[in-house]
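Here are a few exercises to work through with the model open beside you. Try each task before reading its solution.

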Amino acid sequence: MTVIAELALPVPLAHTFSYVVPPHLVARVQKGVRCVCPFRSKKLVGVVVALREEEVPDPKLKSIAQVLGEPSLPEDLVDFLRDIAGYYLAPIGEVVRLALPPMDRVTEQALQEPSLFPDATRGVAPRKVQWVLPTDGAPPADLKLSAQQAGVLAHVRSVGASQVARLEQTWKSARAATAKLVELGLLRFEERERPDDPFFREGAEKEPVPTLTEAQDAAAQAIRGAIADGKGHTFLLRGVTGSGKTEVYFRAIEDTKASGRSTIVLVPEIALTPQLVARFRGRFGDDVAVLHSGLTPKERLGMWSRLRSGQVDVVIGARSALFAPVAKLGLLVVDEEHDPSFKQEEGVRYQARDMAILRAHRGNAVAILGSATPSLETEYLVIEGKARVLELPTRARAQELPEVRVIDLRKTGPGPTGDKRISLPLHRALEDALARGEQSILFLNRRGFSPSARCEACGKHAECPNCSVALTYHKRRGSTLRCHYCDYEIPMLANCTHCGSGEIALEGIGTERLEETLSAAFPTARVARLDRDVASGKEVEKILTRVRNREVDILVGTQMVTKGHDLPAVTLVGVINADAALSIPDFRAAERAFHLMVQVAGRAGRGDAKGRVLIQTYDPDHPAIKAAVRHDVRAFTEREMEARKELLYPPYARLVLVRVDGPDEAETLGAARLLAEVARRVAGNAVEVVGPAPAPLTRLKARFRFRLMLRGQSRKHLRDVARAVYAAMADLPRKVHATVDIDPVQFL
Ligand code: ADP
Ligand code: ZN
Ligand code: ZN
């Protein structure tokens, strides 16, 4: 018998490659291990994804040359990656790379240093952090503590562990007080390793654990039962904004830890949720690994090794944390499961939420999908009996949901600014909030100053030469016209490029203009802006911290402001233009608009004062708006489900989107037609082939774009057609590029 290994190699091909395992390596070649293999005239590092035995192997097969260390990936993760490659018709080599830490991908280095993985963190000096803990010692009877010393002692005893930096925030002479208390034997110092993690904050300490509300308790009990029976269950935690979903996750994580298993928590965009990460740290201390794009390769590898070795058993991160190499997965949480960012839109186009259910299912782990506004896909799982609903119908601290009012822009005039997008009622509401010292959030999903610049003489817009979109005018950082889809940027035009007229009008409003207008209208108010132009990574956290510290009165921003921020002093939320999200050519437009409205509304009134929400629209009778006014998720879901059923859209049908793009329009269309023919040939009656048609964005980065849609109810038939199209893609002209997107989310 000869042992044959199937390897995933870093080449863009869908299949694996077979190699003979020489007898002296058989013991070390396991699933998930990295091996050096001859490939054409080179050597490549691949990962073993399967093993089999053969009586008479193909004599042409080459042998594995070298084994690199211990298995990099746990066996169950390898099987899961194969499922993903199969489901998304993605090259297995690329899928495997999603799960490997960056240093592991450096082939050259791996070759020079065969044991790279186990030794990778060697030489990184562990940075220590000093903690202050209480001792069991009782204070001598005649002891007189100063007010500061007594305060520090009581605090450390109540929280269990703190740090001098944190104590100094409350007691000015905390350092001296702590030293004295240590001398007296009432406190002690303990050195702990500082995690390789920019999210780590000195001074983070345990939050007090609240008593669960009745609904939280019922949910936590149901999950506890599922964890105990170890068979794998899927839950939809449907809880209104502010209902305390996070606390339910915490309890589930504690139960999972107690059962000796680990947890993965997926959150939409980790840079936008520093507060949530801090809460996890506050609860679980340094046992939480935070995976995010801001990590250096070394930090990422350090984190990765701690997870792989089981040193850390909770990991929180954006969609790619789905591939965290945790040992014994017991729980997978997808927070804000409706968020579109769980879908990866380049490379392997996977939907992390769907795959989370699959990974949990394979490992008999529990999956919890949490949201105030569940996606229709997830609601459908409930209808099919594949997920169980846990409901949190009220806010955790019994605050009322905010009152939502619609402002009909057809009938309502502008306020004192003269700008129709700041209507009189909105203006008055802002004044009220300011007068009471409360904060406001205004949501407008357009960044820049003006979405377009139009010539008053000939009526033409300034357009991007590479993309079929209008250029956005940005005033700050040089007055420029910019394309939001490519890097194109020019100074603001003095004259129209078509007719030469000097009369160019800036049309519409973006966040930059809204910020400027409000600053002028409310000169004493502190106005801040949160969008991709001002904020990336650390900047987001800074702005949110300023808001939390009440150094901001009005926060203006794009969808970044709609995320799960818990800002108790915000009482007013304004949606500047609800119609923008509704008018997108996408069957999910209403669902998405509804989610945005309910989520942003959910930022209001989380503290003691009641919140209110104003939604400005030209279409006040739209069902999504009417449902948002009543916070009626159920009514919206039911109605939208009916519509999807009738029109045969997901979740009642499955879609595959084939995107074709190329520099030459005719050649690209020709290629798209060819793929359509292939699809129609195998489609039969079970699969509908729509197109090819130009994409809504007909040109992007100087490439023409066409697409083809496959739709069907039978997963099997749809896959057969998608496979045929995928195979035909290999024969397209060299400059034409095609991709298959299974369960597409974006249609631009
Ligand atoms: P959600 O994620 O559902 O919007 P959060 O988890 O952010 O809600 O909780 C909202 C607020 O309620 C937080 O400030 C949280 O600390 C608080 N909270 C959660 N559960 C409880 C509870 N049982 N008692 C008191 N406060 C709670
Ligand atoms: Zn002109
Ligand atoms: Zn462009």
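**Exercise 1. List the residues that A324 touches, leaving aside its neighbours within four places in sequence, and decide whether A324 is buried or exposed.**

Keep in mind that this is a predicted model.

Step 1: Start with the contacts. Once those sequence neighbours are set aside, A324 is in contact with L77, I264, L291, L307, V315 and R359.

Step 2: A324 sits in the loop that runs between β11 (314–317) and β12 (329–335).

Step 3: Check accessibility. The cut-off for buried is under 20% relative accessible area. A324 comes out at 2%, so it counts as buried.

Step 4: W304 is 20 residues away from A324 along the chain, and their C-alpha atoms are separated by 7.4 Å.

**Exercise 2. Work out which residues of helix α13 are buried and what they pack against.**

Step 1: Find the helix. α13 covers residues 376–383, eight residues in total.

Step 2: Go through them for burial. The buried ones are L376, E377, T378, E379, Y380 and L381.

Step 3: Draw the conclusion. With six of eight residues buried, α13 is largely enclosed by the rest of the structure.

Step 4: Look at the packing partners.

Step 5: Step just past the end of the helix. There, G385 has a positive phi of about 80°.

**Exercise 3. Now zoom out: how does the radius of gyration of the chain compare with the globule rule?**

Step 1: The chain contains 22 helices and 29 strands.

Step 2: Compare the two values. The radius of gyration is 28 Å, close to the 27 Å that the globule rule gives for 748 residues, so the chain is as compact as a globular protein of that length.

Step 3: The C-alpha trace spans about 85 × 80 × 50 Å along its principal axes, and 53% of the residues count as buried.

Step 4: Check the contacts. Of those between residues at least 6 apart in sequence, 75% join residues at least 24 apart.

Notes:
Residues numbered from 1 in each chain as written. Chains lettered and ligands numbered in written order. Predicted model: local features only at pLDDT ≥ 70, side-chain atom pairs only at ≥ 80, totals over all residues. Heavy atoms only, no water. Helix = DSSP H or I, 4+ residues; strand = E, 2+ residues; numbered from the N terminus. Rg over C-alpha atoms; globule rule 2.2 N^0.38 Å. Buried < 20%, exposed > 50% of the residue type's maximum accessible area, 1.4 Å probe, protein only. Contact = heavy atoms within 4.5 Å.
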